[in-house]
Amino acid sequence: MAINILQMNRGDTFQFDFNINNELSENGYYVLQGNDALYFGVMDPNQMFEDALVKKKYTASNIHAGDATGTITIKLEPEDTIDLLPGRYYYMIKLKMDHYVASDEGDAIHVESVTTIINKTKFFIFD
């Protein structure tokens, strides 16, 4: 199976832990902060991320307690997929950074950006 391909049975609970790699940080991970948000979406093959059939949002409050790597459990509940037909879908994960950092001069700099962490990747739903 290729890397990052997900598969599940329709209507089941499905979850996996996710970290954002960041080679510039001390521990190698980016940890959500401030108003940052991680978005997970499941789409039809030609559907835009913004119109995803399944949408999930995670914030700093979803980070596992005491976890310095910023681990978040992405979880689909039965109601998220029960009405989807079995077949091939795609998923994406995006990060919206929206927080303040200190500059070298001590000023607060507003950081706002959207980055695709995992580009459109196959997601299979079985009956």
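## Asp98 in strand E8

Asp98 is found in strand E8, which spans residues 87-102, where strands (E, at least two residues) are DSSP runs numbered from the N terminus. The model is a predicted one, in which local features need pLDDT of at least 70 and side-chain atom pairs count only at pLDDT 80 or more, while totals for chains, interfaces and linings use all residues. Residues are numbered from 1 along each chain as its sequence is written, and side-chain values use heavy atoms, with hydrogens and water left out.

With a relative accessible area of 15%, Asp98 is buried, a term that means under 20% relative accessible area, whereas exposed means over 50% and partly exposed lies in between (1.4 Å probe, protein chains only). Neighbours within four places in sequence aside, Asp98 is in contact with Gln33, Gly34, Asn35, Asp36, His110, Val111 and Glu112, contact being heavy atoms within 4.5 Å.

## Nonpolar cores

A nonpolar core is a set of buried Ala, Val, Leu, Ile, Met, Phe, Trp, Tyr and Cys residues joined through side-chain atoms within 4.5 Å. The largest has 26 residues, and those with the most contacts inside it are Leu38, Phe40, Ile93 and Phe123. At least two residues of this core come from each of E1, strand E2 (14-18), strand E5 (37-43), strand E6 (54-58), strand E7 (72-76), E8 and strand E9 (108-126). E8 gives the most to this core, with five residues.

Apart from this core lies another, of five residues, among them Phe49, Ala52, Tyr90 and Met92. When residues up to four places away in sequence are not counted, the residues that Ile93 touches include Phe16, Phe18, Leu38, Phe40 and Ile74, as well as Ile117 and Ile118.

## Gln47 in its loop

Gln47 has its place in the loop between E5 and E6, and is buried, with a relative accessible area of 18%. A polar atom of the Gln47 side chain lies 3.0 Å from the backbone nitrogen of Asp44, and the backbone oxygen of Asp51 lies 2.7 Å from a polar atom of that side chain. Leaving aside neighbours within four places in sequence, Gln47 is in contact with Ala52, Leu53 and Lys120.

## Asn4 before strand E1

Asn4 is located in the segment before strand E1 (6-9) and is partly exposed, with a relative accessible area of 39%. Although Asn4 is not a glycine, this residue has a positive phi of about 75 degrees.

Note on methods: Helices (H or I, at least four residues) and strands (E, at least two) are DSSP runs, numbered from the N terminus. A polar contact is a pair of N or O atoms within 3.5 Å; within protein, one must be able to donate a hydrogen and the other to accept it, and residues adjacent in sequence count only if both atoms are side-chain atoms.
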